[in-house]
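Please look over the protein shown here. The report below covers its surface, its helices and the confidence of the model.

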Amino acid sequence: WEFNGSFHQPSAFLMVGIPGLEALHPWISIPFCALYLTALLGNSMILFIIKKTQSLHEPMYYFLCMLAVTDLGLALCTLPTTLGLFWFNLRTIGFDACLAQMYFIHILSFFESSVLLAMAFDRFIAISHPLRHPCILTRTTVTKTGLAIVLRGVVSLLPIPFLLKRLTYCGRTELSHSFCFHPDIMNLACADIKVNVFYGMVILLSTVGMDFVFIVLSYILILKTVVSLATKEECLKALNTCVSHICAVLVFFIPMIGLSMIHRFGRNLPPLVNALVAYTYLIIPPALNPVIYSIKSSHIREALLRALRRKSG
């Protein structure tokens with residue numbers, strides 16, 4: 001322990017894998033490896049295809065690139081500690097390293113939420129104002145949107161590590177997961193954490209919460225536009241362009257809301273439930289998003305097939 005007077009700060013935290021299934025960690029690591037491999041290869045493939053295919057240099061696919069970069073970051077943030085624990089039982093993570101990992105996990109989650117909102121706005125403009133779409137969402141506008149997303153996430157979450165460093169920790173050092181999460185670290189403190197709770201809730205509601213509300217409003221307006229279309233075929237064609245994005249929104253927001261609720265109100269739930277929801281939130285979206293877009297987007301699918309033919313030829 002490092003301490004100064006009455007102020008105590010642990011030199012390290014202990015991570016936990018899947019409670020009750022520690023003996024099966026080497027076997028459990030197999031599906032985790034498959035998910036991480038899918039996330040890394042799938043998102044890298046999306047970026048490569050969009051970069052090499054001139055016809056995909058459009059706002060929708062620029063935002064998809066942002067989503068792929070965010071998903072790569074999320075996968076790389078949790079991969080070392082998760083697989084290190086499952087393979088080698090490496091449970092210890094330094095205090096400052098834990099805060100750094102926590103910061104990047106949260107900031108990348110905020111990026112993902114913001115990118116999904118930008119993609120919803122893109123779909124709304126493309127369906128409701130198709131003729132004005134190229135004028136509204138220019139390359140400059142997309143770039144500025146990306147910079148605004150990064151700036152909002154960095155600034156809003158910057159105080160979190162410092163709010164955790166000011167707390168006194170005494171006794172408990174065991175986390176609930178194989179990665180560092182703000183509510184998890186905060187609950188290990190034996191000091192007053194009202195400021196942390198208040199700030200965390202305000203930031204969550206004003207960023208991710210507002211993003212979700214605006215995404216829902218975007219789809220209400222999209223549905224209103226689609227219903228007014230003349231034929232059923234036009235309606236289905238317009239809605240089909242949104243299917244991939246709707247799946248990505250559900251895959252990201254449902255586990256995130258569930259994990260936030262568990263950390264704040266579900267302390268009596270079994271630890272296994274907490275662990276499964278947390279892994280679903282951080283590992284499933286980066287693995288599924290490239291699969292969803294590769295299956296549902298005919299442009300990406302065709303570009304992928306062309307790339308494979310060139311390599312085989």
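Helices (H or I, at least four residues) and strands (E, at least two) are DSSP runs, numbered from the N terminus. This is a predicted model: local features need pLDDT of at least 70, side-chain atom pairs count only at pLDDT 80 or more, and totals for chains, interfaces and linings use all residues. Residues are numbered from 1 along each chain as its sequence is written, and side-chain values use heavy atoms, with hydrogens and water left out.

**Confidence.** pLDDT is the predictor's confidence in each residue, from 0 to 100. The protein has a mean pLDDT of 89. Of its residues, 96% reach 70 or more. Residues 1-5 stay under 50. The model has 11 contacts for them beyond four places in sequence; a contact means heavy atoms within 4.5 Å. Where pLDDT is low, the predicted coordinates should not be read in detail.

**The nonpolar patch.** Helix H8 (194-227) and helix H10 (243-265) each supply at least two residues of a nonpolar surface patch. H8 gives the most, with 7 residues. Among the patch members are Met-210, Phe-214, Ile-257 and Met-261. Together the patch residues have about 890 Å² of accessible area, by the Shrake-Rupley method with a 1.4 Å probe, where only the protein chains shown count as cover for residues. Patch residues have over 30% relative accessible area and no salt bridge; nonpolar side chains (Val, Leu, Ile, Met, Phe, Trp, Tyr) are joined within 5 Å, like charges within 9 Å. A salt bridge is a side-chain nitrogen of Lys or Arg within 4 Å of a carboxyl oxygen of Asp or Glu.

Buried means under 20% relative accessible area, exposed over 50%, partly exposed in between (1.4 Å probe, protein chains only).

| Residue | Relative accessible area | Class |
|---|---|---|
| Met-261 | 40% | partly exposed |
| Asn-89 | 52% | exposed |
| Asn-274 | 14% | buried |

Met-261 sits in helix H10. Asn-89 lies in the loop between helix H2 (59-88) and strand E4 (92-94). Its phi is positive, about 55 degrees, although Asn-89 is not a glycine. Most residues other than glycine have a negative phi.

Asn-274 belongs to helix H11 (residues 271-296). Not counting residues up to four places away in sequence, Asn-274 touches Ser-176, His-177, Leu-259, Ile-262 and His-263. Leu-259 is 15 residues from Asn-274 in sequence, and 7.1 Å away in space, C-alpha to C-alpha.

**Helix H3.** H3 (residues 95-128) has 34 residues. Its span from first C-alpha to last is 50 Å, close to the 50 Å expected; the expected span is 1.5 Å times one less than the number of residues. H3 is mostly covered, with 27 of its 34 residues buried.
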